[in-house]
Amino acid sequence: MPKRAPTVGLVSLGCPKALVDSERILSQLRSEGYQFAPDYDGADVVIVNTCGFLDSARTESLEAIGEAVRENGRVIVTGCMGHDEAAIKNAHPKVLAITGPHQYEAVVEAVHDAVPPVHDPFTDLVPPEGLRLTPRHYAYLKISEGCSNRCSFCIIPQLRGDLASRPAASVLSEAERLVAAGVRELLVISQDTSAYGVDLKYETSTWRGRDVAARFKDLAEELGSLGVWVRLHYVYPYPHVDHVIPLMAEGKILPYLDIPLQHASPRVLKEMRRPANQVKMLDRLSAWRDICPDIAVRSTFIVGFPGETDEEFEFLLDWLKEARLERIGCFQYEPVDGAPANAIAGHIPDDVKQERWHRFMQVQSTISTEIMQHKVGREIDVIIDAIDVDEAVGRSVWDAPEIDGNVFLPDCADLEPGSIVRAEVLGAEDYDLIARPV
Ligand code: SF4
């Protein structure tokens, strides 16, 4: 009788980038014969992949570690918060091992130490695309690690280091494997997607017998040739981003650009150490819409940044009304341990941050409702994510999973998750659409 395969539990916190790290760890462990447990009881050891970006994320991470220690007792911590070993050890001295972000080998070694692998030729089999935590029809594709920017509110470069891009052939081969495994939508992610390849000096690598440069536009174009939806996330608005807009107009990649702008006031942007010219940003938005009228620009903003005056906040609201971005996320500023922004004078009281956040969301809700109403009567493509009782729930090309809106198709329980259907928009809500297949 073969020995029972050791079993690992995983708690994955944080952003899609952390999720990709979890997928890599799981893929490696699965290839070594480990099984996975859906609950604490069934696991020989539990990995907690933490997020350490904001204080609230650190608190959540410490709580998740505490729960795993209580419920299982054998816990390995990894991810961004692993950077702060002392804080974890202080709170949870019984943790078996602590590793930082991207230390895949160290995590796997810690698992080996806790529960050694048992060789079994059947459990060694892993599908060629690796193991994923997303539904079968969409996948995150991480094209680089780290970031060479130094935004004052962020400690990601301290945690993850400077930009380190993957060669184009490596990214494209992974994308091909994902598509072969049934993925219909690739979500391109990194900390700074449009800086892709700068560190490699745009070095070429061979894919399908051709040299492909590690360059943002080239990669987007090649991904667009795979015949699936390609969605670009975390795009910093460098001038060369303009070059991907025609690819959207031609239907090669989705007309969707996720650009975290964070603010509009030049002074606040300077304090944030972001490029300050949001006036030019309005011109660029308008030029992009001329080239690709259907483009949806998603962005995130921070309100209540230290020193943000009432006038600067009003400036942001006015900018928002003019920009009319299709999709928006808004965060109240939270100090992050180790971030230079902590030293900026004039921290904003919580009630003021809260009030600004509400006003910001009200303005955006009005803009979004108007934009969504304009879609009524149009025929659009919808990717089906799930069936909920008798209703199909999907997304348009303007909606990324988890963060944007949905398209609801009543009485469509027969549609297959992962299929892309043509549908007529019958109605609209603040952020969602109602449609029926045509
Ligand atoms: S670009 Fe993003 S990851 Fe890089 S420092 Fe700025 S906020 Fe952090």
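In strand β12, Leu-232 is the bridge partner of Val-188. What you are looking at is a predicted model, in which local features need pLDDT of at least 70, side-chain atom pairs count only at pLDDT 80 or more, and totals for chains, interfaces and linings use all residues. Residues are numbered from 1 along each chain as its sequence is written.

Strands here are DSSP E runs of at least two residues, helices are H or I runs of at least four, and both are numbered from the N terminus. Two strands pair if DSSP finds at least two bridges between them. By that rule β9 (residues 185–189) and β12 pair in the parallel sense, over 4 bridges.

In β9, 5 of its 5 residues are buried. Glu-185, Leu-187 and Ile-189 lie on one side, with Leu-186 and Val-188 on the other. In a regular strand the side chains alternate between the two faces of the sheet. Strand β12 (residues 229–232) has Trp-229 and Arg-231 pointing one way and Val-230 and Leu-232 the other, all of them buried.

Contact means that the C-beta atoms of two residues, placed from the backbone, lie within 7 Å. Leaving aside residues up to four places away in sequence, Leu-141 touches Val-171, Glu-174, Ala-175, Leu-186, Leu-187, Val-188 and Ile-189.

Now step back to the domains, whose bounds come from an automatic or database assignment. That assignment gives domain 1 (7–114), domain 2 (137–232), domain 3 (259–374) and domain 4 (379–437). The C-alpha centres of domain 2 and domain 4 lie 28 Å apart. Their contact takes 8 residues from domain 2 and 6 residues from domain 4. On the domain 2 side, β9 and β12 are the elements that give two or more residues.

Elsewhere you will find an open sheet of 5 strands with parallel pairing, in the order β2-β1-β3-β4-β5. Its edges are β2 (35–36) and β5 (97–98), and each has a single partner strand, so one side of each is left without a neighbour in the sheet. Within the sheet, β3 (residues 45–50) and β4 (residues 75–79) run parallel and are joined by 5 bridges. One example is Asn-49, whose bridge partner in β4 is Thr-78.

Finally, visit helix α12 (residues 350–373), which holds Ser-365. This serine is partly exposed, with 13 other C-beta atoms within 10 Å. Ser-365 and Tyr-431 are 66 residues apart along the chain, while their C-alpha atoms are separated by 7.9 Å.

Terms used
Buried ≥ 20, exposed ≤ 12 C-beta atoms within 10 Å, placed from the backbone.
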